[in-house]
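Take a look at the chain below.

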Amino acid sequence: MRTFRTGLLIGLAIAVAIGAAAITYERYDTKTLKRTIRRDAVLCGVNTGLPGFSIPDDKGSWTGFDVDFCRAVAAAIFDDPKKVKFVPLDANERFKELQSRKVDILSRNSTWSMSRETNYDLYFPAVAYYDGEGFMVPASRKIDSALALDGSKVCVQDGTTTQLNLADYFRANNMKYQEMKFGKLDEVFKAYQSGQCDTFTADVSQLYALRLNLAKPTDHDILPDVISKEPLAPVVRQRDDDWMMIVKWTLYAMINAEELGITSKNIDEALKSKKPDVMRLVGTDGAYGEDLGLTKDWAARIIRHVGNYGEVYERNVGAGSKLGIPRGLNQLWSAGGIQYAPPIR
């Protein structure tokens, strides 16, 4: 009997230990890079379809600003920007799917906020796109300021920072509005398109993107007012510092490359440069890539295959795209914006 009880207790202790280990693995997993290399692909969570940022064509090929960032991470790791599997995620499931390791990284126009880091156990390594909430209205309303929206019917996506900002703005300006909330962005857009509301609020970048899908885009105005700070950033899980560093410095490498004038067209010339800042970036001096667990030419791979920050911006959402969004705050700090990357040295 004593032997049976002893065996039972040992069995229970082992079960508890295994359970505790599983919980620890779930919360403190630090193997993202190893799993990514073993899988031979980066799993990237993206928007289900937002022109300029992440959208598939009829053949399932993805393009966009957020898409290119994940391709840059793949280029840094594999020297191949095609080694990415894109996982479309709705706003209400994106953080949970990242937590459960369905994706390695979230590159999905997500606002960096304190509560999202603390409540979801996530980390926003660096700001990829400085955005802000705005309003779109039919041009027939002849409104040129958000302060003239008193009494409006406003379409908004439920469960987002957009909804909170909307309430704060109208309350702060002593205005009233009727909230028309929907769970998915495409439902918000369809409601505005069908005339269920006379005002559409979302991040300004989203408004520019979705306006293209309207029957007559020029019949709709995006107001100049920006009512919130929306720093959009890639997202990773906390307690995986090696992976976080790769994601963060991938973005910083792209910004530094633009500042140094290094592009996808002149990267081979940059590899011959004797300028110290250029040499450190492209890997001909120092071991900065190796310190990340990558190769010396990790940044050169990114620029060759994907381009610098300015190239990615212009072809997807800037002057070279259908959206034509001015760079504004997303200009380099040296050109009047606030995009600024720590130096590689």
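**Briefing on a predicted model**

C44 counts as buried because its relative accessibility is 0%, under the 20% cut-off. Keep in mind that this is a predicted model. The chain holds 345 residues, and buried ones make up 52% of them.

**The C44–C70 disulfide**

- The link between C44 and C70 is right-handed, with 70 degrees about the S-S bond.
- Distant parts of the chain are linked by this pair: C44 belongs to strand 1 (residues 42–47), C70 belongs to helix 3 (residues 65–78), and 26 residues separate the two.
- C70 is also buried, because its relative accessibility is 0%.

**The C155–C197 disulfide**

- How far apart are the sulfur atoms of C155 and C197? They are 1.9 Å apart, and the two cysteines form a disulfide.
- The link of C155 and C197 is left-handed, at -105 degrees about the S-S bond.
- C155 is in strand 9 (residues 152–157), while C197 is in the loop between helix 7 (185–193) and strand 11 (199–203), so the bond ties together parts 42 residues apart in sequence.
- C155 and C197 are both buried.

**The disulfides together**

- The count of disulfides comes to two.
- Counting bonded cysteines along the chain, the pattern is 1-2, 3-4.

- What is the strand order of the open sheet of three strands? The order is 4-1-5, and the pairing is parallel.
- Strand 4 (84–89) and strand 5 are the edge strands, as each pairs on one side only.
- Strand 1 pairs with strand 4 in the parallel sense, over six bridges. V46 has P88 in strand 4 as its bridge partner.
- Strand 1 also pairs with strand 5 in the parallel sense, over two bridges. There, G45 has L106 in strand 5 as its bridge partner.
- In a regular strand, side chains alternate between the two faces of the sheet.

- D104 lies in the loop between helix 4 (94–99) and strand 5 (105–106).
- Is D104 buried or exposed? D104 is buried, because its relative accessible area is 1%, and the cut-off for buried is under 20%.
- The D104 side chain makes a polar contact with the side chain of R39, at 2.7 Å.
- The D104 side chain makes another polar contact, at 3.4 Å, with the side chain of T36.
- Leaving out residues up to four places away in sequence, D104 touches several residues, including A41, V42 and L43. Also among them are L98, V236, R237 and W243.

**Helix 9**

- Helix 9 (residues 241–260) has 20 residues, and at 1.5 Å a residue it should span 28 Å. Its end C-alpha atoms are 27 Å apart, which agrees. The expected span uses one less than the number of residues.
- How many of the 20 residues of helix 9 are buried? The number is 15, so helix 9 counts as mostly covered, with buried meaning under 20% relative accessible area.
- After helix 9 comes G261, with a positive phi near 80 degrees.
- An α-helix has 3.6 residues a turn, so residues three or four places apart point the same way.

**The whole chain**

- The chain has 14 helices and 14 strands.
- Its C-alpha trace spans about 80 × 70 × 40 Å along the principal axes.
- The chain exposes about 16,700 Å², and carbon and sulfur atoms supply 53% of that area.
- Among contacts with a separation of 6 or more, 71% come from residues 24 or more positions apart.

Conventions:
Residues are numbered from 1 along each chain as its sequence is written. Side-chain values use heavy atoms; hydrogens and water are left out. A disulfide is a pair of cysteine sulfur atoms within 2.5 Å. Helices (H or I, at least four residues) and strands (E, at least two) are DSSP runs, numbered from the N terminus. Buried means under 20% relative accessible area, exposed over 50%, partly exposed in between (1.4 Å probe, protein chains only). A polar contact is a pair of N or O atoms within 3.5 Å; within protein, one must be able to donate a hydrogen and the other to accept it, and residues adjacent in sequence count only if both atoms are side-chain atoms. Contact means heavy atoms within 4.5 Å. Two strands pair if DSSP finds at least two bridges between them. Accessible areas come from the Shrake-Rupley method with a 1.4 Å probe; for residues, only the protein chains shown count as cover.
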